[in-house]
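Trainee: I would like to go through this model and ask what stands behind each label.
Mentor: Go ahead.

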Amino acid sequence: MNYDMNYDNNYDEINECENEEKDEYNNVKEKINENENKTDKVTDNVLYRLSLNPNKGGLQNVDKDKVNKIIYEVSKGSAFFKNAKEREKIHTERIKEMKKKYIELKKRTLDYEKQKIENLMKKMENERDLSQYIVHIDMSKSMISTANYEERKYGVRSAMPGYIALKLCKDLILVPPRHKKYHEVSLEIRKVISSYDPNYCPASVDEVFLNITNFLEKNPLYTPSKVTEEIRQKIFEKTKLTASAGIAPNLMLAKICSDMNKPNGQTELKNDANEVEKFVKLLPIGKVSGIGKVTERTLNELGIKTCGELKENMIYIRELFKPATYQFLLNVSLGIGKTIINNKWERKSISVERTFSNISDEQELYNKLLDISFKLAQDVEKENLKGKSVTLKLKTSGFEILTRCLTISKFIHKQEDIYKVGKKILDSCIEENPNQSYRLMGLRLSSFLDSKKNISLDKFVKIIDNKNTVDILAQKKEYECPVCYKVIRVDYLNEFEKHVNNCLNNVEDIKQSEFIENKKYNKKFKLNDKESDYKQIIKNDKIDNTTSEDYYHKGKQRLNNKSNNQIKHDVSSTSSKLICPICKSSIFCSTNEELNRHIDICLNNDIIKNYET
DNA sequence: GCGGATCAC
DNA sequence: TATGGTGATCCGC
Ligand SMILES: [Mg+2]
């Protein structure tokens, strides 16, 4: 329900246009070098951050006038570029530190850890789920053409890159094949797709994920590629829009594949371990959703350009990156990703922000705040939200962004209240920095009171009771020790905890003599609060649906991390293994959320099956 | 929790 | 003339 977006508002015009070309890039680069006397490399990196690099491939016709204006701005040393360079400098500094650490690590013989990580990878590869056929459909290139004229005016009003993009893409945009509104078009597309997978998930305005495994089972004469062909054909018949598609065993790979044959083709990656390995080995890391400009450059500077190289370096990645990123990259390097599509989405925040000409006058700033609070309150009302955190966002005339948050005890939604809290924050910002001038202000409401939770929780509990699965939930649990990998059967978590602590004590000796300092191991093993929750949840015969709601929305999540069904592993993580009471397969989870997510999905599947039969 | 950085679209 | 808006996650503190 939440998911039905207003496409007219959400359409991202700027991003749909590729406004890069080699000449433009080189001109800008030259100018920067001339005036700033910077090295080629620095300039490259700045432009790279700005997405002005030529390696992306772009348009045929470039508006030279506009490009010259960019150059003008650059040579003037605009605040925008100054800020970009500043951030780039910080990033470069960070990379330098990482490189140092990397070189140090390379000097060591990490045989012990290497062995562990290789075992881990083997294990993950063995458990790779190749049973699902995931399709990602991407219509971004053709949706541009359906942009209506009013929206293009907005593009003109928006800032310069958008304006350039618009200019560059003008020919394309000005010849819409037909004038259907987005939501009409998208409704038709959804109708087509839902007959292949009622559980499809619109990932953004012009992207859809679906799972055709069931359809293939029921229609044995089809092949994955044939089904996809048919879907694209039907979409075209109904809307006259072309679509590109990717077919693969998981979401991450499907998305990559759909990008390979734009705008009117499809790419299939077979559900075969060797095929996946081969594919991933040469895959440039930047193609992966979740790896952006910064991470790409960071990895590149470490000599890692492909997922294959990433895999070779995971041993170092583990030390150089933080746990979540390591986990994400580990999955990426093996081509492992989510295989279950979840179309549930729960909003966590709602916000409004506006750019304007620089303002330093206090009263004017408060006026802006007032405007924005009205707009936010309006949006909040539409969705019946109540939140207790208000965040004020400001962008200085120098493009520095700052956010300040204030959480109050009451849940609020009215404009006056939002304004009041926002004003309090703005007061302190002004006091802190009296004459600062700003070019943007935003307000965000979060920490919602969610009334829907109780309803869906009731539903779940009922169904569980009916199916008599509560008893199963209460059965003796199996955990895998993260240190010795033995499976331990226990009644209570603290028994397991004892075992792991024991193991850790044994490992510590090896660690200290043989390997690097490792804070993770020096820490006393302790089950976190969330796992204690799990115990409580079982006692109360309830599943905490509030933490089990997985969602997938707008591609904003990493497509392989914290997955509902994919296994989370780490050499030294405190993940535990147990048997899912519904699907009976063993699952790993280091947090209660992951466990709940898995159970949630399984329950969903069961419910669906029941409805179908 | 908060605030900065990153990411996707 | 001129460099957007919305929602989310991770990480250090
Ligand atoms: Mg990427």
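Predicted model: local features only at pLDDT ≥ 70, side-chain atom pairs only at ≥ 80, totals over all residues.

Trainee: Which residue caps the N-terminal end of α14, and how do you know?
Mentor: N250 does; one of its side-chain oxygens lies 3.1 Å from the backbone nitrogen of M252. A polar contact needs N or O atoms within 3.5 Å, so the pair qualifies.

Trainee: Why are G286, V288 and I291 called donors to the magnesium ion?
Mentor: Each gives an O atom, at 2.3 to 2.8 Å. The cut-off for this metal is 2.8 Å, so these atoms count as donors. In sequence the donor residues are spaced G-x1-V-x2-I.

Trainee: Are V288 and I291 buried or exposed?
Mentor: Both V288 and I291 are buried.

Trainee: How confident is the predictor in chain A, and what is its mean pLDDT?
Mentor: The mean is 71, with 55% of the residues at 70 or more. Residues 33-39 are below 50, and that stretch has 8 contacts beyond near neighbours in sequence. Residues 53-61 also stay under 50, with 22 contacts beyond four places in sequence. For the complex, the predictor gives an ipTM of 0.98 and a pTM of 0.72.

Conventions:
Residues numbered from 1 in each chain as written. Chains lettered and ligands numbered in written order. Heavy atoms only, no water. Donors = N, O, S within 2.8 Å, 3.2 Å for Na, K, Ca; no water. Buried < 20%, exposed > 50% of the residue type's maximum accessible area, 1.4 Å probe, protein only. Polar contact = N/O pair within 3.5 Å; in protein donor to acceptor, adjacent residues only side chain to side chain. Helix = DSSP H or I, 4+ residues; strand = E, 2+ residues; numbered from the N terminus. pLDDT = per-residue confidence, 0-100. Contact = heavy atoms within 4.5 Å.
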